[in-house]
Amino acid sequence: EDHRTKLGIKTNQGIIDVKITAEQHDLNIPTTMDQVINGGSEAIDALKKLEDMDHTLVNEEDITYAPAVTNPEKIICVGLNYEKHAKETNQAIPEVPILFSKFNNALAAHQESIQIPEADHRIDYEAELVIVIGKEASNITTEEALSYVFGYTVGNDVSARKLQSISGQWLLGKTLDRFAPVGPYIVTADAIDPQNLEISCRVNGEVRQSSNTNDMIFNCAEIISYASKH
């Protein structure tokens with residue numbers, strides 16, 4: 001059984017195994033997610049060409065997922081950024097984005113189990129849009145912000161509420177092991193409008209959250225620009 005982390009392209013027929021297909025055609029193309037993100041639009045274009053070639057498919061039911069992003073430099077999260085959510089929790093609408101962080105140990109994959117910490121059983125879930133930044137962004141405007149995006153995926157902001165509120169810092173309750181599941185897929189930025197996406201969360205089949213990214217208090221471009229200035 002193959003336990004290596006491999007890059008795949010999701011298609012209607014199955015998942016293209018990028019590394020094996022590249023070797024079959026003697027192609028020098030990115031074969032890891034890090035390489036694709038660093039390679040930007042050129043890397044994406046190279047991978048798109050694989051669909052038109054003879055390629056090796058993997059049955060999705062036979063794989064175990066890895067986190068959609070494997071090695072981010074930083075994970076920046078935004079709290080209270082949906083207007084309805086802020087109102088239902090009786091909290092003031094923020095005047096600037098509320099930023100907090102998670103560390104890489106919190107990354108988890110689609111369908112991966114999360115262990116509940118002994119110190120806190122008050123675990124919450126929040127479905128989130130995840131923005132994958134594709135290149136270094138420093139002090140950029142909202143108008144240019146989205147050009148720095150590689151793609152988008154979905155995540156779960158898992159929180160241990162007792163630990164989160166034990167001090168003025170949220171970190172303790174936010175970055176426990178596997179408290180940041182992301183994936184299973186990344187959709188490239190050219191294929192999606194990030195401000196018109198339905199977002200929902202089900203627990204044991206029951207809908208617990210249902211919203212749309214058009215309800216964001218600060219939109220994606222505003223968040224990226226704001227974070228880049230600090």
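## Salt bridges

A search of the whole structure, which is a predicted model, finds eleven salt bridges. Side chains of opposite charge can pair when their charged atoms come close.

One of the salt bridges joins Lys6 and Asp17, whose closest N and O atoms are 2.7 Å apart. Lys6 is in the segment before S1 and Asp17 is in strand S2, so the pair ties together parts eleven residues apart in sequence. Lys6 counts as partly exposed, at 32% relative accessibility, whereas Asp17 is buried because its relative accessible area of 6% is under 20%.

## Two further pairs

Arg161 forms a salt bridge with Glu126, with the closest N and O atoms 3.4 Å apart. Arg161 belongs to helix H5, while Glu126 sits in the loop between strands S7 and S8, 35 residues apart. Glu126 counts as buried, at 11% relative accessibility.

Asp157 pairs with Lys174 in a salt bridge, the closest N and O atoms being 2.8 Å apart. Asp157 is in the loop between strands S9 and S10, and Lys174 is in helix H6, 17 residues apart. Both Asp157 and Lys174 are buried. Through shared partners, salt bridges join Lys102, Asp157 and Lys174 into one network.

## The second largest pocket

The second largest pocket has a volume of about 1,300 Å³. It is lined by 37 residues, and the closest to its centre are Lys6, Leu7, Gly8, Ile9 and Ile15. Elements that give two or more residues to this lining are strands S1, S2 and S12 and helix H2. The largest share, six residues, comes from H2. The lining divides into 19 nonpolar, eight polar and ten charged residues.

## Aromatic rings

The whole structure has one aromatic pair. Lys135 lies over the face of Tyr148, at 4.8 Å from the ring centre.

Conventions. Residues numbered from 1 in each chain as written. Predicted model: local features only at pLDDT ≥ 70, side-chain atom pairs only at ≥ 80, totals over all residues. Heavy atoms only, no water. 1 Å grid on protein atoms, 1.4 Å probe; cavity = no way out; pocket = protein on both sides within 12 Å on 5 of 7 lines; lining within 4 Å. Points joined across faces, edges and corners; volume = space filled by probe spheres on them. Helix = DSSP H or I, 4+ residues; strand = E, 2+ residues; numbered from the N terminus. Nonpolar A, V, L, I, M, F, W, Y, C, P; charged D, E, K, R; others polar. Phe/Tyr/Trp six-rings, centres within 6.5 Å; stacked < 30°, edge-to-face > 60°. Lys NZ or Arg CZ within 6 Å of the ring centre and 35° of its normal. Salt bridge = Lys/Arg side-chain N within 4 Å of Asp/Glu carboxyl O. Buried < 20%, exposed > 50% of the residue type's maximum accessible area, 1.4 Å probe, protein only.
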